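Morning, everyone. I have one structure to walk through today. Let me put it on the screen.

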Amino acid sequence: MTDKIYLNWEEFHRDVKDLCAKIRQSGEYDKLVAISRGGLIPAGIIAYELNIRNSSVINIATYVGSSHLKLDEVDCPEHVGKVDEKTLIIDDLADSGQTFRVMRRQFPQGRYVTVYAKEKGKEEVDLFARELPEKWIVFPWDVEE
């Protein structure tokens with residue numbers, strides 16, 4: 001995959017705000033779980049926009065560089081606590097959908113949201129701001145070598 005899409009901060013922030021509007025329309029939420037690392041930045045913006053103070057982080061890695069890893073389960077720390085239908089589970093991108101499939105097995109009641117979704121990943125999330133083509137996404141915080 002040599003084609004890349006470069007996102008800038010302004011575009012990303014606008015897309016997260018669009019996602020917040022969709023989240024508001026879908027219900028009320030009182031907790032969020034960010035999927036680290038990609039979900040940390042959108043989760044912070046969403047927490048402020050929706051005034052959600054109860055937040056946690058789960059560390060998951062599905063890529064090392066540009067290599068895709070196989071992921072079968074999530075090591076969930078105790079601090080995450082109860083995940084229910086009022087919990088947003090947030091990531092930056094639903095690419096293959098693998099991360100969200102694994103998370104749904106462990107937390108079936110959560111509401112799964114992402115800023116961007118690709119064709120293969122969009123079926124695994126409940127809400128997303130914008131669909132992107134099957135290209136490598138370079139986020140504003142990514143440092144290319």
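Start with contacts, meaning heavy atoms within 4.5 Å. Of the contacts in the protein with a separation of 6 or more, 61% are between residues 24 or more positions apart.

Two notes on the source. This is a predicted model, in which local features need pLDDT of at least 70 and side-chain atom pairs count only at pLDDT 80 or more, while totals for chains, interfaces and linings use all residues. Residues are numbered from 1 along each chain as its sequence is written, and side-chain values use heavy atoms, with hydrogens and water left out.

Now the layout. The protein has 3 helices and 9 strands. These are DSSP runs numbered from the N terminus: helices are H or I with at least four residues, strands are E with at least two. The order from the N terminus is β-α-β-α-β-β-β-β-α-β-β-β.

Next, burial. Of the 145 residues, 48% are buried. Buried means under 20% relative accessible area, exposed means over 50%, and partly exposed lies in between (1.4 Å probe, protein chains only). The accessible surface comes to about 8,200 Å², by the Shrake-Rupley method with a 1.4 Å probe, and for residues only the protein chains shown count as cover. Carbon and sulfur atoms hold 46% of that surface.

On to charge pairs. How many salt bridges does the count come to? The count is 10. The rule asks for a side-chain nitrogen of Lys or Arg within 4 Å of a carboxyl oxygen of Asp or Glu.

Take Arg 24 and Glu 49, paired at 3.7 Å, N to O. Arg 24 sits in helix α1 (residues 9-26) and Glu 49 in helix α2, so the bridge ties together parts 25 residues apart in sequence. Both ends are partly exposed: Arg 24 at 45% relative accessible area, Glu 49 at 29%.

Compare Lys 118 and Asp 95, which meet at 3.6 Å, N to O. Lys 118 is in the loop between β7 (111-117) and β8 (127-131), and Asp 95 is in the loop between β6 (87-94) and α3 (98-106). They are 23 residues apart, and the pair links distant parts of the chain. Both residues are buried.

Glu 119 and Lys 122 also form a salt bridge, at 3.5 Å, N to O. Glu 119 is partly exposed, at 46% relative accessibility. Elsewhere, bridges with shared partners join Glu 11, Asp 15 and Arg 130 into one network.

That is my tour. Comments, please.
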